Amino acid sequence: MFSFNNDEVFENIKHTNEFGQEFWYARELQPVLEYSQWRRFAEAIERAKTACEKSGHNVSDHFAGVGKMVPLGSGAEREVEDFMLSRYACYLIVMNGDPRKEIIAFGQTYFAVKTRQQELIEDYEQLTEEQKRLAIREEMKRHNSALADAAHEAGVKTPMEYARFQNAGYMGLYNGLKAQDIKERKGLGKNQDILDYMGSTELAANLFRATQTEEKLRREHIQGKTAANQAHYEVGKKVRQTIAELGGTMPEDLPTPEKSVKQIEKEREKKRIGEKLWQKQTQ
């Protein structure tokens, strides 16, 4: 069985082209994802291409066909089909793979999280903790809105029903804790938003929970409040399971930052105003 102690299983087969862009060869990804036959893996690639096109992306930008020479028993070589895959292409491939495979489930988390970080900002790893919190919190607002739309389409209509739906996701991710339980654990007041008092790691886990639940609701055409709540719970629980497999800290055990995201935003806005006034005075 594969060992999932860290991200090295995918990082070790990652390549970088002359422009500094990351890519993976399909032929190298195939055995890592435990596909014994190229034909089966090629089918997953075709499904991923279709998903890419339907998402409004240019397929050739993410799936670049290349030939690869492989040795034959006679000492000769022959060319076989291969692809240079972007991180987004790899994400679509694992999302279209067999979720019963442990490595596929791990790959879904790895490529989804890394792809989301790239979408947030190209130099994500160079950001300070405060910058990461601000960036992910902004993404969280956008995707919570999209999640609410998907839940509404599934049959979650009233504010009370949506509160239950949100709690289902939190309970999966936080080992049974509801939003109010998390708020009390963080020592927050009634009107304080728990998302504003999360560090970047905790926010990233919740962002993944939200984005994957939205996709699951839409992809599987889930209907009914009970089914939607169950889907949200299952995604939250899967994110928690992956954190455990990676040896990470459970979200409820992560430290609560001293400053809220809103406090950081106010301080930065005050600093920007001060800098503008200073510039005017020195002109």
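This is a predicted model: local features need pLDDT of at least 70, side-chain atom pairs count only at pLDDT 80 or more; totals for chains, interfaces and linings use all residues.
Let me start with Asp253, which is partly exposed at a relative accessible area of 47%, where buried means under 20% relative accessible area, exposed over 50% and partly exposed in between, taken with a 1.4 Å probe on protein chains only. Residues are numbered from 1 along each chain as its sequence is written, and side-chain values use heavy atoms, with hydrogens and water left out.

The side chain of Asp253 meets that of Arg185 in a salt bridge, 3.3 Å from N to O, the term standing for a side-chain nitrogen of Lys or Arg within 4 Å of a carboxyl oxygen of Asp or Glu. This pair links distant parts of the chain, 68 residues apart, since Asp253 is in the loop between helix 11 (225-245) and helix 12 (261-282) and Arg185 is in helix 9 (residues 179-186); helices (H or I, at least four residues) and strands (E, at least two) are DSSP runs, numbered from the N terminus.

In total, the rule gives 20 salt bridges.

Another of them joins Lys14 and Glu22, at 3.2 Å from N to O; Lys14 is partly exposed, with a relative accessible area of 24%, and Glu22 is also partly exposed, at 28%.

Lys14 brings us to the strands, where strand 1 (residues 14-16) and strand 2 (residues 22-25) run antiparallel and are joined by three bridges, pairing being called when DSSP finds at least two bridges between two strands. Lys14 stands opposite Trp24 in strand 2, and in the hairpin of these two strands, with five residues between them, Gly20 takes a positive phi near 80°. Strand 2 also pairs in the antiparallel sense with strand 4 (residues 77-85), over two bridges, and there Trp24 stands opposite Leu85.

Which residues have the most contacts inside the largest nonpolar core? They are Phe165, Tyr174, Leu217 and Val239, in a core of 31 residues, a core being a set of buried Ala, Val, Leu, Ile, Met, Phe, Trp, Tyr and Cys residues joined through side-chain atoms within 4.5 Å. Helix 7 (129-154), helix 8 (159-173), helix 10 and helix 11 each supply at least two residues of this core. Apart from it lies another core, of 30 residues, including Leu29 and Cys90.

Finally, the aromatic rings: the whole structure holds six aromatic pairs, counted when ring centres of Phe, Tyr or Trp (its six-membered ring) lie within 6.5 Å, with planes under 30 degrees apart called stacked, over 60 edge-to-face and the rest tilted. Tyr170 and Tyr174 have ring centres 6.0 Å apart and planes at 65°, so they make an edge-to-face pair, and both are buried.
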